[in-house]
Amino acid sequence: MTFFIRYLLTILIFFPTASVLLLLLINKKNEGLLRNLSTFLALVEFILSLYLFVYFKPDTYKFQFVEKFNWIPSFGASYFLGIDGLSLFLILLTTLLTFISLLSSYKYIKENVKEFVILMLLLETFMIGTFAALDILLFYLFWEFMLIPMYFIIGMWGTGRRVYSAVKFVLYTLSGSLIMLFGFIYIFMMHYNQTGNFTFNLLRLYHTHIPEGLQILLFIALFLGFAVKIPLFPFHTWLPDAHTEAPTAGSVILAGVLLKFGVYGFFRFAIPLLPRASFAVAPYIILLGVIGILYGAFVSIVQKDLKRLVAFSSVSHMGFIILGLFAMSAISISGSIIQLLNHGITTGALFLFVGMLYERMHSRQIKDFGGVAKKAPILTTLFLISVLASVGLPGLNGFIGEFLILIGSFRYFPVYTIVATSGVIFAAVYLLWMFQRVMFHEITNPEIEKFEDMNLREIFTVLPLIILMFFIGFYPIPILDRIDPTVIHFLSMLHHYRNSNSIIKLKTGLSNV
Amino acid sequence: MYNNILPAVYGLNLIEKSMLSIIPEAVIILFAFLVLFLTFFEKLAKSKNPYYLSLIGIGFSILYVLMLSGRDLNGFYGSIVFNSFEVFLFTAILFSGLFAVLVSKDYMKNSNMPNPEYYSLILFGISSMMFLVSSNNLIMIFLNIEFMSITAYILTGYFKGNKRSTEAALKYFILGAFASAFLLFGAVFIYASTGHLNLYEIHTFLKNIAYGGLIKSGGGMGINIYLTAGLLLFLTGFAFKMSLFPFHSWTPDAYDGAPTPVTSFMATGIKLAAFAIFLRVYTLIYNFNIINFNGILWLLAVFSMTFGNIAALLSSNVKRLLAYSSIAQAGFILIGIIGGGFYGYSGTLFYLLAYIFMTAGAFTIVIIFENSDLISLDINKYSGLGYKYPFIAASMSFFLLSLAGIPMTSGFMGKFYVFSSAVKSGYNWLVIIALLNSAIAAYYYIKIIVKMYMPDKEMLNSSAVNSEGAFGIINGAVSDGLIITIIICLFFTLLMGIYPQIFINFANNSAASLWKI
C-alpha cells in the first residue's frame, strides 16, 4: 500500500496508457466491449484518483506525492512530479470528466469506436501528466502532445467544418506554446548563466534572478502560450469553432479540462517565475479579462447555435477567473480556483445537455426547439439546475466562485470589478433566455413530439456533476481547506520576491547561489 | 617501454594503421564489387542475392565500426582520421544505407532495371559518405564529395527511359559540377594562403597567426583576403550539398525525379555526410573569425527555414513537400552549428541522427503508397488511408509530427537541443524566427495527416485506398523490408523523444573528439 501511495501519480498517469495497450488488442468490430471496457477503465482511474484526495494532507503548502528520478541529466531535466491543492482538484476533475465523457458518447460516436476510446484515454494520460509535472521540460512534453489526441477527436468525429476547426485549434495553440517554449529556454539558460547548472526543476528556477525589463518580455512570451489556451479575449477565436464542431465528449474535455491549463500555467509558471512582471502587467491582463467577460456575454446573447452559445459563455467565465487570479488577493485567487472547478463542472454539464438535445433532434439551432419541457421533464429539471449553476444562483456552485472573486478583487480593482459584476447579469440574460426558448413555449417543430426523455445511462452521466454543483454550493469547505495553504504560499512567495528577496540577494551577491 | 612493444604486438606500423582506419569503408567497397560481379551471372543477377549481399556487407561494416569504436586512428599521413566522431556518424550513415537497401527490394523488382548495379551503387555511395566524414584533408574532402556526388547523379537518373528521372539527374549533375568547382577553387585558395592541406595543420597554422595578430592586420601577405575568398567558396560548395537556401534549387527536382529509395538515401545520407564534414571544417578553420561567418550562416539558416517552409506549404506532391521540408530542416540543423560550442555541436549531431530516422521513415511510407506508374504522388491520394492501413498511417503521422517537432518525438528533442544552444550563445532572434517557422511547418505536415484521417467525400474517389499497388502492399500485407524499416525508425524516433539521454551521451562523446587534435 505504501508503494501504491508513493507512486500514485505515476500510476495515475500511466494507467490510461496501459489501458490503451489493452484496448489495442481488442478487435475493431467488437464495439460494445470496447465502449464498456474503456468506460470501466476510466471509472477505475477515477476511483484511483480519489486516493489522492484521501491521502492529501490539507495542512501544508508543500508539494505532495513527490516523485523524482533522473531523466535527461544533460539538460538537468528530471521526472519530477508533485501536486498541491490546485493540481489535486484539477486531476480529480480530469479523471471524472474523462469517465463522464466516455459514458456520454455511447450513442454519439457511431463509427471508429476503437480509435475514439484510445484517443480519449491517451488524452487523459497527457492531461494528468501536465497537472502533475514540476519539471518544465516534462510539463512541456505533456502540454504540447496533448494537442494531438484532441486534434484527432475534433477532426475525426466532429461536425460541419471539423477539419478547419481542428487545424485552427492546433495551429493557434501550437504557435502560442512555441513562443512559450522560447521563454522557458531563456529562463533555463539564464539560470545556467547564474549558477552553472542546467536544471528544469521548477522549484529551483523560481530562484532565478531576472531584471524587471526582461521579466516583462519573458512574461509576454509565456503569456502568449497560456493566454491562447485560456482563451483570453483577443486570442479566443479558435474556441467557438473548436467547441462547436467537436463531438460532445470532445467539448466536455475541451471546456472542462483543456481551458484550465492556461490558468494553471499562469498560476504555476508565469506568475511565480516572473513575479515583478506579473504585478506590472496585471492591470492590463485584467482589462483583457473584463473585456472577455462582457464580449463573451454579448456575443452569447445573439447566438443562434446552442453549442456556440455555451462556448462563448466559456470566454465570459474564463474572464472572471483571470480577474480573480490577477487581482492577487488570497480570497480572489481561492475564488478563481473554485470557479475553475465550477466551470469544468457546469460547462461540462451544459455541453452534455446540448449533446443530448443534438442526438435527439440532429440540430443545435435554438429555433428548432421549443416546448421540450412538456416531453422531457427530467431533462428539463437537470438542465435548469446546470443553467442556474452557470448563472451563479446562490446555493449552487457558481455563486461561491463568483462571489469570492468579486469580493477579493474589489479592494484592488474596484472599477473593473464593478464592470465585471454586470457580466453576472448578462449571464442570466443569455442563459435563461436560451433556456426559455428551448424548453418552454408552444411546440412548433413536429419532431419535438417524438422527443424522448433521458434514459438511465444519461442520468448517470450527469448525476455526478449535478451532485457536485449542490455540494460545492452548500459546503465548499473541503475544497477551500485544501486550496488555502497553496494560495497563501503562492502569495507570500510572490510578495517575498517582489519586495525584498531579489534586492537582498543582489546586494549580498547571493543571487548566484 | 611498452611503447616499443605494443606496435610489435598489435602490428600497428604506418601502413597497417592506415588500413585499420578505413576498414569499415573498405568492407563496404569490397561488397560493392562483389555485388557488381553478380552481373556476370544472369541467373544470380535476377535473384535476390544482390539485396542480401548488400545487407551482409552493411552488417559487417557495422560490426567493424563497433570493434574499432573507442580507438583514435590516423591513417594515410593524417588525411584519414577515425575517432568517436566517426563512430557516431558511421553508425548514422550505415543506418541510412541500411534503410535505402531494405526499402529497395520490391521497388527494384518492380521497375525492371538492372538489379546488382543498383545495389553496388548504393554501397559505393555509403562508402563514399564514410570516407567523406573521416577525411581530414582538403584534397580528400574534394575527392570524396565528388565520389559521393557521382554515385548520387547515377542513382538519381537510374530510371533510364524515364523523362523526369533523367531531367532530375541532369539538373543535379550540372549544378553539382558547378558546386564542386566552387569547392575546389575554395580549397585552392585556402591552400594558397596557408600552405597546408591537412585540416589540423591549417588549424595550427591559423592559431599561430591569430595569436601573432597577423590575421587582423592582414598579415602583410594577403592571407586575409585569400583565406576569406577561399572559405567563402568552400562554404558555397558545402551549402550546395547541404541544400541551404540560395543553393537549394536542385533539391526539389532531384528528390522528386529520383527513385524514392534513392531520394530517401539522398535526403538522409548525403545531407548527414555534408553536415558532418562541414562541422569538422567549421570547428577547425572557420572559427577564427576571419570574417563573421556566423552572420553568414545566420542568414543562410533563416532563409532556408523560411523558404523551405513556405515552398512546402504550397506544394501538393508528397515528395516535393518532403524535399522542401528537408531544406527547412537543414536550416534548423544549421542553428546548432551557429549556436556553437560543445553544447551546440553535440546538439547538431543529435538532431542529425534524429533527422535520419524520421526522414527515412516518412520516405518509406511514401514508397509503400507509390505505384509503379506514379513517380510523383499527389497528397490527395492519401485520403482515407488512415482507416484502411491503421499501422502505416499511424507511423506516418508519428514521423510527420516528429518532423514538425511535436514533443514525445525525436524531432522535438533535436529542436530543443539546437534551439537552447543558440539561446545559450545569445542568438535570440534566430530562435524566435525558427520557432515561428516550426509553427508554419506544422501546418503542412498536419495537412497530410488531415488527408489520411479526415478525408473529404469527393477526394475518396481519387484516393489510393482502393487501388492495390503493384508492390509495397500486396493483398493487404506490407512486405518485410519496408515493415522492418518502419519499425526501426519508429523505435528510434520514439526512444529519442522519450529517453534521449543515451543518444545525447553518444553525441557528446562524438562532439568531444572534434577537438582532439
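Reader: About how many helical turns separate Arg35(A) and Glu31(A) in helix 3 of chain A?

Author: This is a predicted model, where local features need pLDDT of at least 70, side-chain atom pairs count only at pLDDT 80 or more, and totals for chains, interfaces and linings use all residues. Residues are numbered from 1 along each chain as its sequence is written, chains are lettered from A and ligands numbered from 1 in the order written, and side-chain values use heavy atoms, without hydrogens and water. Helices (DSSP runs of H or I, at least four residues) and strands (E, at least two) are numbered from the N terminus. Helix 3 of chain A covers residues 31-55, and because Arg35(A) and Glu31(A) lie four residues apart in it, their separation is about one helical turn.

Reader: What N to O distance is found in the salt bridge of Arg35(A) and Glu31(A)?

Author: A salt bridge is a side-chain nitrogen of Lys or Arg within 4 Å of a carboxyl oxygen of Asp or Glu. For the side chains of Arg35(A) and Glu31(A), the N to O distance is 3.9 Å.

Reader: Is Arg35(A) buried or exposed?

Author: Buried means under 20% relative accessible area, exposed over 50%, and partly exposed in between (1.4 Å probe, protein chains only). Arg35(A) has a relative accessible area of 14%, so Arg35(A) is buried.

Reader: How many residues apart are Arg268(A) and Asp84(A)?

Author: The side chains of Arg268(A) and Asp84(A) form a salt bridge, 2.8 Å from N to O. This pair links distant parts of the chain: Arg268(A) is in helix 13 (residues 260-273) of chain A and Asp84(A) is in the loop between strand 2 (77-83) and helix 4 (85-104) of chain A, a separation of 184 residues.

Reader: What is the relative accessible area of Asp84(A)?

Author: Arg268(A) is buried at 2%. Asp84(A) is buried as well, with a relative accessible area of 4%.

Reader: How many salt bridges does a search of the whole structure find?

Author: Another is between Asp368(A) and Lys367(A), with the closest N and O atoms 3.8 Å apart. In chain B, salt bridges that share partners join Arg164(B), Glu167(B), Lys171(B), Asp253(B), Asp256(B) and Arg320(B) into one network. Over all chains, the number of salt bridges is 16.

Reader: Is helix 16 of chain B roughly parallel or roughly antiparallel to helix 17 of chain B?

Author: Helix 16 (residues 318-339) and helix 17 (residues 341-368) of chain B pack at about 170°, with axes 8 Å apart. Axes are lines fitted to C-alpha atoms, for helices over the stretch in contact, and angles run from 0 to 180 degrees between N-to-C directions. Angles under 35 degrees count as roughly parallel, over 145 as roughly antiparallel, 65 to 115 as roughly perpendicular and the rest as oblique. The angle therefore makes helix 16 of chain B and helix 17 of chain B roughly antiparallel.
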